[in-house]
Amino acid sequence: MSHIETDLIHKGKEFNESKAVVTPIYQTSTYFADEDLKEYIVAATETKHPNFYHRHGNPTNSQAASIVASLEKTEDALVLATGMAAISTAILSVVKVGDHVVTQNSLYSGAMLFFKEFLSDYGVEVTHVDQKDNQAFEKALRPNTKLIYVETPSNPNLDITDLQFIADLGKKHNITTMSDNTFASPINQSPKDLGIDVIIHSATKYLGGHSDLTAGVVCGTKDFIEKVWRRSLVLGGSLSPFDSWLLLRGLKTLSMRVKQINSNALALAEFFEKHPAIKYTGYIGLKSHPQYVLAQKQMRGGTGMLCIEVIGDEEDAYQNAQSVLNKLKIFANAASLGGVESLVVHPASMWGSHHDKSQKSTSGITTGMLRVSVGIEHIDDLIQDFDQALKEIK
Ligand SMILES: *Cc1c(COP(=O)(O)O)cnc(C)c1O
């Protein structure tokens, strides 16, 4: 087996039937039938056939999927139009009316809405537990539990779920386990090695890496991916060939980007930890992270995601966070993450009104919190940018 860095560039080349070094964008919705109609009938019925009709498959998409499957060490993968298409299509391939799901209190907002509003309307019950508490997952299980869905590190608090524990629990009770590996990226964490069944990505983030596409990936066994593919035929969230080509281009540098991002984020976290205007620095790579030991056990790097809290009580902290946001010059105030450019958001103002205290407390968002996605710029410039933005915070 070759190494990740090599697979990122060479895996899935068999899907490129041209002589072009770079796989072409197969920008077509449909494909010619051969004279031999028998082959065409095979193409129409075979799972993910890359030469029949776009919703069934596409050569550019097949290559992107094959690379991500090899990164996540799973038998197969399916690329879809967005991370949410990957999440919803994968979950709807496991649960049906009358089933029960156990998941976390802290989740990506779209996934949270899917559990809280969508699934409940379709007769699937969901229990949310504290991801830091292994026993809470076990206690929440019922005879009709069909899925344990986790996200680690979670958005935006960077809490960690014990993947080995979840995988063992799922195996013991014959329950499918699914993990959103978007924040970690396959460079920093391999849920499959710990026994997780299904791995999900928003490829919009680190996998694409340039903030120029949306895509999602579901990784799992060949049988499971076939199920997800059948669901995707009717749900219809196919990835466009152009986005898939951009994803292939982005993937080539994934390893280099994530290594640089890990190192920048650690240096920035060390700067924040010593800064008097910062009350709390949440970074997985810091010894002060409450779950540092677990993170070291199941991860190979700290990721580019940081969560800081500026000083001040409730309203003061809110104003301070807003002021820092306005003064930053390199860090752009924008949603999303995982790109080459550094971004920052103020979760309290972005995800609902900062007066909605109940919602905040379950998701762990505080008024002075800033979520930072570190890019690949020079570290001295990144530190200098925050240094000037924090100057007048008292
Ligand atoms: C962004 C994100 C998603 C959703 O991905 P989209 O591509 O925006 O649909 C899912 N999970 C996590 C952790 C994310 O950060």
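Helices (H or I, at least four residues) and strands (E, at least two) are DSSP runs, numbered from the N terminus. With that naming, Asp313 turns up in the loop between β9 (305-310) and α13 (314-327). The model is a predicted one, so local features need pLDDT of at least 70 and side-chain atom pairs count only at pLDDT 80 or more, while totals for chains, interfaces and linings use all residues. Residues are numbered from 1 along each chain as its sequence is written, and side-chain values use heavy atoms, with hydrogens and water left out.

Asp313 has a relative accessible area of 63%, so this residue counts as exposed; the word means over 50%, buried means under 20%, and partly exposed is in between (1.4 Å probe, protein chains only). The C-alpha atoms of Asp313 and Lys19 are separated by 63 Å, and the two residues sit 294 residues apart along the chain. His54 belongs to another loop, the one between α2 (37-45) and α3. This histidine, His54, is buried because its relative accessibility is 15%.

Now for the ligand. It is surrounded by 14 residues, and the closest are Gly83, Met84, Asp180, Thr204 and Lys205; to be near, a residue needs a heavy atom within 4 Å of the molecule. Helix α4 (residues 83-91) gives the largest share of this shell, three residues. By type, the shell splits into six nonpolar, five polar and three charged residues. Here Ala, Val, Leu, Ile, Met, Phe, Trp, Tyr, Cys and Pro count as nonpolar, Asp, Glu, Lys and Arg as charged, and the others, Gly among them, as polar.

A polar backbone atom of Met84 is 2.8 Å from a ligand oxygen. On its own the ligand has 380 Å² of accessible area, and the protein covers 91% of that (Shrake-Rupley method, 1.4 Å probe; for residues, only the protein chains shown count as cover).

Technical notes
A polar contact is a pair of N or O atoms within 3.5 Å; within protein, one must be able to donate a hydrogen and the other to accept it, and residues adjacent in sequence count only if both atoms are side-chain atoms.
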